[in-house]
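This report describes selected features of a single chain. The sequence and the structure come first, followed by the text.

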Amino acid sequence: MVENFHLYATLAIIAGTIFLYALDRIPVESISLGAITLLLVLFGTFPFTPEGSETVTVDALLSGFASPALITVLALLIVGKGLFATDALEGVTNRIGRIYGGNPRLSIAIILVVAGVTSAFLNNTPVVVIFIPVLTSLAARFRLPAYQIFMPLSFITILGGMTTMIGSSTNLIAAGMAAKEGLEIGFFEITGMGMILAGIGYLYVLFVLPRILGSERSEQKSGPESSGTQFLGEIVLQPSSRFVGDSPRSGFFPNLAPMSLHAVIREGTVLLPPYDDDLALREGDRLQMTGARKSFMDMLAKGEISLAEPPDGTIPATETKVGPHYHLAEAVIAPGSLFEGRTVRFSGIQQRFDVTVFGVRRKSRMARAPLAQLRFEAGDTLLVGGNEDNIMSMRGNHDLLLLEHSAESVPPRDKALIASFLFAAIVIFSATGLSPMVVNSVAGALLMIVFGCLTFQQAARAFDRQIFLLVGASIAMATALEATGGAQLIAEGIVGLGGGASAPIILALLFVGVALLTNVLSNNAAAALFIPIALDMANRIGAPPEVFAAAVIYAANCSFATPIAYQTNLMVMGPGHYGFGDFLRAGLPLIGVITVAFSLLAPWYYGL
């Protein structure tokens, strides 16, 4: 008992950690930190030296925090944030929206299938890197729940990766281990059964998985609410504005949609609808319009609202430019506020906080008068813009209540081309193997900040401490499990369950064992561990060894039940706002579906 102390203690720590993860009542960060602490105490206080190997050191247990996979994931999250912050993918999402706007879920399904097919010929990770920003933009455009999109993306690329030898690093490692044992596996040797399993998995992912994810959870908000509420504001037409020269049709200006024109203020005269068809908008016109904050943000990003000449006619205290530091936010006039009853121009809000008031939202009807003459009432919500520091200086003010969660950066669209170029370079360099992905990702994240695509603050918000601690803990547990012989013990126990059963039954047990272990260890470790065992099993019962090797490859790719099973699962945790329990609830049934399909079809396909 004493000699197996480290083995039993490690198994107990891993079992307890997974149980607490699945319970989903304690923060993942706390559970991960607790698991790491227990392992450090166990192996630091009671040193363990495996037979024929070196002592398990504290450095080895903490090596996960310097893991290239972890650094890659975190850097790619920053790169994705840069793409989203600059609206670099707006053109792609607009085109998809025009083609499939009537059926947004069809467009998502088509993109997922394309991602799955692509992952058969590219490593899964860069494929997910490519499609996360696209799906993020589409989810925002179509107002689809993010948690029903991103886990399917990870799962469908994993399924696609099991169809060719280069589809996943796991396949290559398994083929290499098989070659050492004298078995050569061809490039398309796993494609036939792989396509059958992937096709069955696709049906589950596209039609069943969204229902499972939506059955027990509601959408978690990660940013300001996408509200359709309207603000009344004014813009001054700039010479470069696309609206200059626009003429009304049937008395109105349809090209201004989604904003609605209330009045045109020209040289102090207020012109009300309906308008004469010969009235053309011109430079310097003030347009009093209502629109959602997104509409005002789009116009700011396109340079159609001048910050040098705010709509209310005042001049800002300092020169301000739209960039990653420039934010829009909402603030409410408090009851009894000193700003109550004052006009927009003479309220002092803009000079005091160095911000610009772009619009006002009020429950009661507002008169058609210039925005500068509007008098504030208690409860009015203001749409204000300014540098992040100026916006945050409103915090704690009792006269103007800042809705801090509403602060959102205006996309610096002039940086969109740079962000797209950096992203494309990361994908090309990684896909072609010109340089390691971790190098490309870190360099890309740094250049996103250097070129002004996003700020350090935005990059810091993209950094996910949950993923950081989760990966560190999982690698520490895997290191301890392998060093103490726990992984080998589990593998031998699964093999022993077959006894003298027929080849199809032993093959099914092997598949189940590898599929479950790959979600605790890494899939690469599971494949490397089981290939020699599988080939030995095939030789003992006189079965074709390539069939058992293929079973290990397919099963090792079933990394669906935990976020630590594969790094694409980690990559979608943040965008989809998933917990550990979400992967268990959605991934275990998929493992079951693939296992049953393989167990029933493999004997027929391979002629066992």
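## Strand β2 and its partners

Strand β2 (residues 260–266) and strand β3 (residues 269–271) pair in the antiparallel sense over three bridges. Strands here are DSSP runs of E with at least two residues, helices are runs of H or I with at least four, and both are numbered from the N terminus. Pairing requires that DSSP finds at least two bridges between two strands. The model is predicted, so that local features need pLDDT of at least 70 and side-chain atom pairs count only at pLDDT 80 or more, while totals for chains, interfaces and linings use all residues. Residues are numbered from 1 along each chain as its sequence is written, and side-chain values use heavy atoms, with hydrogens and water left out.

Five of the seven residues of β2 are buried, which leaves the strand mostly covered. Buried means under 20% relative accessible area, exposed over 50%, and partly exposed in between (1.4 Å probe, protein chains only).

## Helices α19 and α23

Helix α19 (residues 503–517) packs against helix α23 (residues 580–606) at an angle of about 155°, and their axes are 10 Å apart. α19 is therefore roughly antiparallel to α23, a term for angles over 145 degrees. Axes are lines fitted to C-alpha atoms over the stretch in contact, with angles from 0 to 180 degrees between N-to-C directions.

From α19, the contact is made by P504, L507, A508, F511, V512 and A515. I591, I594, T595, F598, S599, A602 and P603 contribute from α23. Contact means heavy atoms within 4.5 Å. By class, the residues of this contact are 11 nonpolar, two polar and no charged. Ala, Val, Leu, Ile, Met, Phe, Trp, Tyr, Cys and Pro count as nonpolar, Asp, Glu, Lys and Arg as charged, and the others, Gly among them, as polar.

## V439 and the whole chain

V439 lies in helix α15 (residues 437–450). V439 counts as partly exposed because its relative accessibility is 46%.

The chain has 23 helices and eight strands. Of its 608 residues, 54% count as buried.

Notes
Parallel < 35°, antiparallel > 145°, perpendicular 65-115°, else oblique.
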